[in-house]
Amino acid sequence: MRTWFITGASRGLGSLIAEHALRAGDAVIATARKPEEVVSRLGNHPKLLAVRLDVTRESETQQAVAEGIKRFGRIDVVINNAGFGVLGAVEETSASETERLFATNVFGVLNVIRAVLPHMRRQRSGHIINISSIGGYQAYVGWGVYGSTKFAIEGITEALHQEVAPLGIHATVVEPGFFRTDFLDEQSLIKTALELADYDDTVGAMRRFAKDYNHTQLGDPVKFAEAMLALVNAPKPPQRLPLGSDTVARIEAKNEFVVSELNEWRDLAMSTDFQA
């Protein structure tokens with residue numbers, strides 16, 4: 001039996017992952033700002049521990065991990081899933097909106113990592129899975145500041161993957177495309193207070209797209225949860241796992257563009273070294 005520690009587990013993908021882990025016979029420490037919502041969603045399962053956690057509060061993170069260790073003795077899988085989105089142009093996104101976003105999407109992830117790694121290092125085993133986004137690999141208009149939090153998660157996970165591998169611990173960044181969850185609803189997606197007319201053709205179009213696309217997204221959340229089980233069961237987990245055909249297409253297109261642009265500017269790029 002493995003023990004999972006899942007943030008943002010009261011609804012959406014976090015709740016589905018918890019449900020599938022319990023169904024597989026594993027134990028789950030399911031965290032949320034309102035743990036009663038976890039119990040309401042998943043029931044009073046003997047292998048479920050619902051814990052209050054605001055990931056922006058480091059003391060709460062340490063306490064949540066301690067409660068889980070006390071109950072189950074170990075933590076084998078961490079799913080850093082808690083987060084939300086901000087939709088708006090880079091210029092439109094205020095300092096306070098940006099700080100709030102980074103507090104949850106980046107600093108909250110780091111709080112969890114710092115809390116669980118001492119236990120995983122003692123075990124010499126574990127798997128940390130950080131949920132990024134297609135926007136963490138390819139930026140979009142309207143998603144620049146949100147995407148920057150996911151770009152940060154990509155970099156953190158790449159370094160973490162290298163740092164903990166010699167200790168028997170895995171780290172994977174997961175890049176979902178658009179899945180049919182409530183992410184585009186107001187409870188998960190904040191629109192900037194400022195909307196500038198000059199961006200109506202770009203960011204405004206993205207706002208209209210998000211509204212129309214809500215609950216018609218291509219990705220199946222149940223299949224996402226099943227993919228998480230497949231990921232943790234893999235004997236050699238990847239550093240990066242894209243999920244969704246939209247993500248795969250974006251990654252392939254960006255990689256092709258990066259190679260093309262590098263070739264175009266190669267001479268200048270190579271000209272800045274000291275000459276022997």
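Contact means that heavy atoms lie within 4.5 Å. The model is predicted, and local features need pLDDT of at least 70, while side-chain atom pairs count only at pLDDT 80 or more and totals for chains, interfaces and linings use all residues. Residues are numbered from 1 along each chain as its sequence is written, and side-chain values use heavy atoms, with hydrogens and water left out.

**Exercise 1.** State which residues Val 28 is in contact with, leaving aside its neighbours within four places in sequence.

*Solution.* Step 1: Val 28 is in contact with Trp 4, Ile 6, Ala 18, Ala 21 and Leu 22, among others. Step 2: the list also includes Lys 47, Leu 48, Leu 49 and Phe 72.

**Exercise 2.** Describe the largest nonpolar core.

*Solution.* Step 1: a nonpolar core is a set of buried Ala, Val, Leu, Ile, Met, Phe, Trp, Tyr and Cys residues joined through side-chain atoms within 4.5 Å; buried means under 20% relative accessible area (1.4 Å probe, protein chains only). Step 2: the largest such core has 29 residues, and those with the most contacts inside it are Trp 4, Val 28, Ile 129, Val 174 and Met 228.

**Exercise 3.** Give the strand order of the open sheet.

*Solution.* Step 1: strands are DSSP runs (E, at least two residues), numbered from the N terminus, and two of them pair if DSSP finds at least two bridges between them. Step 2: the seven strands follow the order S3-S2-S1-S4-S6-S7-S9, with parallel pairing. Step 3: strand S3 (48-52) and strand S9 (240-243) are the edges, each pairing on one side only. Step 4: S6 (residues 126-131) and S7 (residues 169-176) share six bridges; Ile 129 has Thr 172 in S7 as its bridge partner.

Technical notes. Helix = DSSP H or I, 4+ residues; strand = E, 2+ residues; numbered from the N terminus. Buried < 20%, exposed > 50% of the residue type's maximum accessible area, 1.4 Å probe, protein only.
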